[in-house]
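Please look over the chain shown below. The questions that follow take up its fold, its cores, its disulfides and its aromatic rings in turn.

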Amino acid sequence: MARSRAIYEYTEAEDKSMRLGFLLIAAGLLSLLGLGCCWLRPALQERGGGGSANCTVLAVRQLGERFSCTFSCGAACRGTARYPCLQVLVRTSRSSAPALLHEDERQLRTNPKCSYIPPCARDDQENSENVTYKQKYWKEKVGSQSFTCYFNEHLRPDDVMLKRTHDETVLLHCFLWPVVTFLVGVLIVLLTICAKSLAVRAEAIKKKKHL
């Protein structure tokens, strides 16, 4: 009886393989749960109230108002600079009313009054030059050309965005890699169990032959 029980005990290598499999299964489930609550669910909610449209530039202008931004000058060094507010007004295919264009959802939340936030530099003049460059881009390079823009009813229904923060690729990766981790863990456990089962059967057949 003791011998029979000993045959079914896993070796140290098999035990490590089983633990690795269960660890990957747990990691995959926890990752899927965490990403679903913290990233995937908000992203789907944002996309649920949005869509795409065709946009055409109506006006590009700088307001007299300036906004603050924070720049980094080292590990423990931070400072504040200012940049002018650039507004790009567009006409969309879904409405004849002018709409304010934003880079993406993140920029819209950071500064809903402006269309562009430059990389924050220590020098205010450099920030102004970056904004002026972007203004020329919209006036001269884009001009009256039509381009795809996005709207979101949950954020500001009267504004539009040039791109989405949560696109299809990001959503795919949020779902894909936890599932792959889970499936690899399941595969390791199943292969270890199957290998052990075959080894036990082979050992039993070998003993029968010797009887």
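**Fold, cores and cross-links**

From the N terminus on, the chain's elements run α-α-β-β-β-α-α-β-β-α, where helices (H or I, at least four residues) and strands (E, at least two) are DSSP runs numbered from the N terminus. This is a predicted model, in which local features need pLDDT of at least 70 and side-chain atom pairs count only at pLDDT 80 or more, while totals for chains, interfaces and linings use all residues. Residues are numbered from 1 along each chain as its sequence is written, and side-chain values use heavy atoms, with hydrogens and water left out.

Q: How many helices and how many strands does the secondary structure of the chain come to?
A: The order of elements, read from the N terminus, is α-α-β-β-β-α-α-β-β-α. Counted by type, the secondary structure comes to five helices and five strands.

Q: What percentage of the contacts in the chain with a separation of 6 or more is between residues 24 or more positions apart?
A: Contact here means heavy atoms within 4.5 Å. Among contacts with a separation of 6 or more, the share that belongs to residues 24 or more positions apart is 72%.

Q: What percentage of the 211 residues in the chain is buried?
A: Buried means under 20% relative accessible area, exposed means over 50%, and partly exposed lies in between, with a 1.4 Å probe and protein chains only. The accessible surface of the chain, from the Shrake-Rupley method with a 1.4 Å probe and, for residues, only the protein chains shown as cover, comes to about 13600 Å², of which 58% belongs to carbon and sulfur atoms. Of the 211 residues, the buried share is 32%.

Q: Which residues does V90 contact, leaving aside its neighbours within four places in sequence?
A: V90 is one of the residues with the most contacts inside the largest nonpolar core. Once its neighbours within four places in sequence are left aside, V90 is in contact with C55, T56, V57, L58, A97, P98, A99, L101, F147 and V160.

Q: How many residues apart are C55 and C149, which form a disulfide?
A: A disulfide is taken as a pair of cysteine sulfur atoms within 2.5 Å, and a search of the whole structure finds three. In the pair of C55 and C149 the sulfur atoms are 1.8 Å apart, and the torsion about the S-S bond is about 65°, so this disulfide is right-handed. C55 is buried at a relative accessible area of 0%, and C149 is buried at 1%. The pair links distant parts of the chain, with C55 in strand β1 and C149 in strand β4, and the separation is 94 residues.

Q: Is the link of C85 and C114 right-handed or left-handed?
A: C85 and C114 form a disulfide with their sulfur atoms 2.0 Å apart, and both cysteines are buried. With -125° about the S-S bond, the link is left-handed.

Q: Why is the pair of Y137 and W138 edge-to-face?
A: Rings of Phe, Tyr and Trp (its six-membered ring) pair if their centres lie within 6.5 Å, and planes under 30 degrees apart count as stacked, over 60 as edge-to-face and the rest as tilted. The ring centres of Y137 and W138 are 5.5 Å apart, and the pair is edge-to-face because the planes stand at 80°.

Key:
Core = buried A, V, L, I, M, F, W, Y, C linked by side-chain atoms within 4.5 Å.
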